[in-house]
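Subject: Structure handover and notes

Hello,

Please find the structure below, with my notes after it. Could you read them with the model open beside you?

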Amino acid sequence: MEKRYGAVHALSGVSLAIEQGEFFGLLGPNGAGKTTLINVIAGLARADAGSVSIMGADAISDYRRARRMLGVVPQELVFDPFFTVRETLRIQSGYFGIRGNEAWIDEVMHHLDLSAKADANMRSLSGGMKRRVLVAQALVHKPPVIVLDEPTAGVDVELRQGLWQFVGRLNRDGHTIVLTTHYLEEAELHCSRIAMLKAGRIVALDSTRNLLASFAGSRTTVRVVARDGTQHLLQMEGYSELERELARLRSQGVEIADLELERPDLEQVFLRLTSS
Amino acid sequence: MSFYTLFSKELLRFVKVSVQTVAAPVLTSLLYLVIFGQVLEGRVQVFDGVRYTAFLVPGLVMMSVLQNAFANSSSSLIQSKITGNIVFILLAPISYAEFFWAYVAAAVARGLAVGAGVLVVTAWFVDLRLEAPLWAAAFALLGAALLGALGLLAGVVSEKIDQLAAFQNFVILPLTMLSGVFYSIQSLPAFWRGLSHANPFFYMIDGFRYGFFGASDVTPWVSLAVVAIALAAVASLCLLLLKSGYKLRT
């Protein structure tokens, strides 16, 4: 896929397949092209070259079927100030051709802890509550593919946990989840596979486990605690260098009391891949 | 279903603020009638045997229909674009034609609601007969649809409220005011009379007035043809822009 905005190459040769039932993470620094990619998938933006197929439906030529497959939680906190929460969800159901959706609307509101606010006007809701309504709107038509663009931005811990429980349940029920987030620990915890984007290109595409393992294999960090309580951080390309580094410490008169292997996390992988 | 929902949503949107969207324009028209009727009654020559105030009422009704139909689609769309909630419509499986007709139908509904309100309150002041009600209904409907489509077009093209306001103040308002709402173009000098024939709003007002008096400045068939052609042209352009995603999908 290719997408340009004037001189900016927002997406450059991006090509990937997300399997049905996956919990897929799309990571990258600001301006990497994550939201552009989601917008093209959702039909909000049109690619200059390439195509998107959602469960066999082309996003342009078969847009009705493609959009029914897709539930998108936009990044911006947008809402229609004329309506209540329940009206908003009824209207969204109607857009997808669903009449009499009350049972599912009630269930979604219950899981997102929105039931008490069902008849409140959207304007009166806090930012976190508005975010919950955005999630509910994306789910009214029970889409098999759910795209969450920064769903927990500006959201309190309680909602974050509730949201992940609900999304996790949807994933276990067979829904495909595509997630972009700045909270890398969330991606590490939930995503089984991750694509990292930088300047419109995919710089890594692998399972979360492989990404962490490949980083661990190429860079090892060991924390050494000396008898006098001082700490030394040893960074090396692999375990083969460990003995040499420890010998160097001993030669400096450091008496080693404890060793701790630092596990790589996604943040280290992310920084290494996107900062180079 | 998608069309019906979008139409209902647009309808609900103006009904929820009906004091602002219906009652206020009705009051404005009533003030026009009281002031212009008082000042110009007996001073301005209109159709034979028709009092100026009676002549004024259908003009004011049609002006309200047109202005409010335009205001409904244009303001709804620009607000949705600026606040970003247009995304909910763009993400849904709604065709560009459904999008177009839902906005236009809601604009027609508001235009007719305000027009009916103006007619009801001004009817107290004049003795009005509907000589050809079908003509009046046809022009009200087509006129509202034309302005609803024009409002949608302006909403699509505009990126900011002031761009839309410029379109409203420098195009819609002058064309409406100079369309013969307050006078018969027969009373104008030849040059201005000729120029009035280039104003499509004139045909909507004149054709609508024919429905009340059975008399008009031009034959209602000509007016009907002009309005229908203008509607077809604006609707085609609007549908083309919506299909391309112009200023809606990046």
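The notes below go through chain A, its domains, some single residues, and then chain B.

This is a predicted model, in which local features need pLDDT of at least 70, side-chain atom pairs count only at pLDDT 80 or more, and totals for chains, interfaces and linings use all residues. Residues are numbered from 1 along each chain as its sequence is written, while chains are lettered from A and ligands numbered from 1 in the order in which they are written.

Chain A overall

Chain A has 10 helices and 13 strands. Both kinds of element are DSSP runs numbered from the N terminus: helices are H or I with at least four residues, strands are E with at least two. The C-alpha trace of chain A spans about 75 × 45 × 35 Å along its principal axes. Of its 276 residues, 37% count as buried. A residue is buried if 20 or more other C-beta atoms lie within 10 Å of its own, exposed if 12 or fewer, and partly exposed in between, with C-beta atoms placed from the backbone. Taking contacts in chain A between residues at least 6 apart in sequence, 67% join residues at least 24 apart. Two residues are in contact if their C-beta atoms, placed from the backbone, lie within 7 Å.

Domains of chain A

The domain assignment of chain A gives domain 1 (2-212) and domain 2 (219-275); such bounds come from an automatic or database domain assignment. The centres of domain 1 and domain 2 of chain A, taken over C-alpha atoms, are separated by 40 Å. Their contact takes 12 residues from domain 1 of chain A and 8 residues from domain 2 of chain A. On the domain 1 side, α7 (184-190), β9, β10 and α8 (208-218) of chain A each supply at least two residues. The largest share of that side, 3 residues, comes from α7(A). By class, the side of domain 1 that touches domain 2 has 9 nonpolar, 1 polar and 2 charged residues. Here Ala, Val, Leu, Ile, Met, Phe, Trp, Tyr, Cys and Pro count as nonpolar, Asp, Glu, Lys and Arg as charged, and the others, Gly among them, as polar.

A three-stranded sheet

Chain A holds an open sheet of 3 strands in the order β12-β11-β13, with antiparallel pairing. Two strands pair if DSSP finds at least two bridges between them. β12 (231-236) and β13 (256-262) of chain A stand at the edges with a single partner strand each, so one side of each has no neighbour in the sheet. Neighbouring strands of this sheet are turned by 25° against each other on average, direction ignored. β11 (residues 220-226) of chain A pairs with β12(A) in the antiparallel sense over 6 bridges. V222(A) has L234(A) in β12(A) as its bridge partner. Helix α9 (residues 242-251) of chain A lies across β11, β12 and β13 of chain A and runs at about 145° to β12(A). Axes are lines fitted to C-alpha atoms, for helices over the stretch in contact, and angles run from 0 to 180 degrees between N-to-C directions.

Single residues

D113(A) sits in the loop between α4 (102-111) and α5 (127-139) of chain A. Its phi is near 60°, a positive value in a residue other than glycine. D113(A) counts as partly exposed, because it has 16 C-beta neighbours inside 10 Å. A199(A) lies in the loop between β9 (193-198) and β10 (201-207) of chain A. The phi of A199(A), near 50°, is again positive in a residue other than glycine. A199(A) is partly exposed, with 16 other C-beta atoms within 10 Å.

Chain B and its contact with chain A

The contact between the chains takes 21 residues from chain B and 25 residues from chain A. On the chain B side, α1 (2-16) and α4 (87-90) each supply at least two residues, and the largest share, 6 residues, comes from α1(B). That side has 10 nonpolar, 7 polar and 4 charged residues.

Within chain B, the axes of α1(B) and helix α5 (residues 96-122) come within 8 Å and cross at roughly 35°. The residues of the contact of α1(B) with α5(B) divide into 12 nonpolar, 1 polar and 3 charged.

Regards
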